[in-house]
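Biologist: Could you take a close look at one spot in this model for me, and then work outwards from there? I'd like cut-offs with any terms you use.

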Amino acid sequence: MQENELIPHLFRTEYSKITAVLCSLFGFEHIEIAEDIASDTFLSASEIWGLKGLPENPVAWLYTVAKNKAKNTLKHQAVFHNKIVKQLNYDAQRADNIEIDLSPRNIQDSQLQMIFAVCHPAIQAEAQIGLALRVLCGFGISEIADAFLTGKDTINKRLLRAKERLRAEQIKIEMPPEAELGSRLEAVLRTLYLLFNEGYYSASYNTTLRKDLCFEAMRLTLLLIENDSTNQPAVNALLSLMCFQASRFEARTGENGETILYNDQDISLWDQELIGRGKQFLSHASKGTTLSKYHIEAAIACCHTNREDSQEKWDNILQLYTHLLQLEYSPVAALNRAYALAKARGKTQALAEARQLQLTDHPQYHILLGELYTGIDNQKAISHLKTALGLTRSSADKAILSGKIAHLEAGTYRS
Amino acid sequence: MKNFLFLFRADQFVAAKGSPEEMQATTQSWMDWIGSIAAQNNLVDRGNRLNAAGKVVRPNNVVTDGPYTEIKETLGGYTLIKAASMEEAVEIAKGCPIYKIGGNVEVREIDEM
């Protein structure tokens, strides 16, 4: 790895570890101090490595510097003497002896505790994702703003509010008690699922960033699987779903960042290793008696790893969507079920049901109707696609819709 | 939104007479119907199918097999849905596959009081 790539790379992997360990030591109310120490460590690295060249073991160097900076902070900051050191029950005079444990075990434990704190139900979903990206994944403010298609100020305010809320609610950085683990884990999975989808379906054109978002969501989910108390079926199901979706990363984006639809993708670009991992996690997920929405979504995604159409495949997908809707209704699932219905029972039956959904505010509703009307009533198809074009925010969707409308209007469209 | 109970009644012997293929088709049409209710966010509980065998307990400890008083209208199952009005509930009930075998759906609003 080139020297100029090393610091960004290490920042991505090590910043969040250092922050997690320090934060779980200091408490969430002092998260800014933990972040400052971590940032300061990287600032030192960039200055000193630039002058003296790379140390032999850059990670160990970062940990040593971070520990020293933390100890100095503990020694010199009056706030710390009064607030934290007292709480921690350390003798301020002997701050040198404070153990700042950056062992792999403690890094993992701290990160796990941080996941639970960040995904606390007291914080709004959007803020959770932002906070997760910042403190768990080490993303910069401008990257987070880019992922959300919004400005840095908005993100800064959102993060500030989330941190204030964490303080106000006095949320502890610890594993939730046994009795709460189930419901808290559910909240964590929901956030990780959103984080993954934010990357996978983001309207942002920055494909590298979108991939990073997805891989970070997968890394955090894997962290839960590697811990015995959180290695539960629903977690495995979620990671399985993520693996199946991520397997199509290379195939779903063209050279210029344009979206390539599922049916037009080059199958040889599908990552078979990830598909295999997905199947593995799905089989782990089937131990036990709980059936989460992630199980069903993973099962649907598993069906899609084979592109050949068959009656059996679409019957399966149709019933899985029906099941999903019974577990938790969502407009997206209702629209997807209508598409599966078209594949399994024909467009006419699907059209009759799709029209009843009346999800007229959703671009996807009009995209679906456009698709179903194609070949039956092309004028109506065009009209729905134009409505969708006006509703969608995604530039990738816009490009695909414009292309399809042009073909339909010229009479050259083949579905 | 109010909740409504669908009670499915049919002649159980007609229902049982189909070939395996016909039974498969029946199962599928029921699943599709329940699915379309769920897709419109009108499903509360898919409910259960009831076994044909049963007993009726009457006053004075009288227990009889049954209820076979009206064999054409055996209660075969129930589903709980939600709808804005009785009219909407009835519209949903019209999609039920039970009419193909001469059965019927009784639609009853659940009294929440």
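**One residue, then its surroundings**

Modeller: A147(A) is buried, because 24 other C-beta atoms lie within 10 Å of its own (buried means 20 or more such atoms, exposed 12 or fewer, partly exposed in between, with C-beta atoms placed from the backbone). Bear in mind that this is a predicted model, where local features need pLDDT of at least 70 and side-chain atom pairs count only at pLDDT 80 or more, while totals for chains, interfaces and linings use all residues. As for labels, residues are numbered from 1 along each chain as its sequence is written, and chains are lettered from A and ligands numbered from 1 in the order in which they are written.

A147(A) belongs to helix α7(A), which covers residues 141-147 (helices are DSSP runs of H or I with at least four residues, strands are E runs of at least two, both numbered from the N terminus). If you skip neighbours within four places in sequence, its contacts are E198(A), S202(A), S204(A), L209(A) and L213(A) (contact means C-beta atoms, placed from the backbone, within 7 Å). For a sense of scale, H304(A) is 157 residues away from A147(A) along the chain, and their C-alpha atoms are 27 Å apart.

Zooming out, chain A has 20 helices and zero strands, and its C-alpha trace spans about 80 × 50 × 40 Å along the principal axes. Of its 415 residues, 39% are buried. Take its contacts with a separation of 6 or more: 61% of them involve residues 24 or more positions apart.

In α18(A), residues 363-373, ten of the eleven residues are buried, so the helix is largely enclosed by the rest of the structure. Among them are P363(A), Y365(A), H366(A) and Y373(A). The buried residues of α18(A) pack against α16(A), α17(A), α19(A) and α20(A). Just past the helix, G375(A) has a positive phi of about 90 degrees.

In α3(A), the buried residues are L62(A), Y63(A), A66(A), K67(A), A70(A), T73(A) and L74(A). They cover an arc of only 135 degrees around the axis, which puts them on the same side of α3(A) (the arc is taken over directions from the helix axis to the C-beta atoms). On the other side, A60(A), N72(A) and H76(A) are exposed.

Back to two of the helices that α18(A) packs against. The axes of α16(A) and α17(A) come within 7 Å and cross at roughly 165 degrees (axes are lines fitted to C-alpha atoms, over the stretch in contact, and angles run from 0 to 180 degrees between N-to-C directions). The pair is therefore roughly antiparallel (over 145 degrees; under 35 is roughly parallel, 65 to 115 roughly perpendicular, the rest oblique). Residues on the α16(A) side include A334(A) and R345(A), and those they meet in α17(A) include K347(A) and L357(A).

Chain B has three helices and six strands, and 20% of its 113 residues are buried. Where the chains touch, chain B supplies ten residues and chain A twelve. On the chain B side, α2(B) and β2(B) are the elements giving two or more residues, and α2(B) gives the most, with six.
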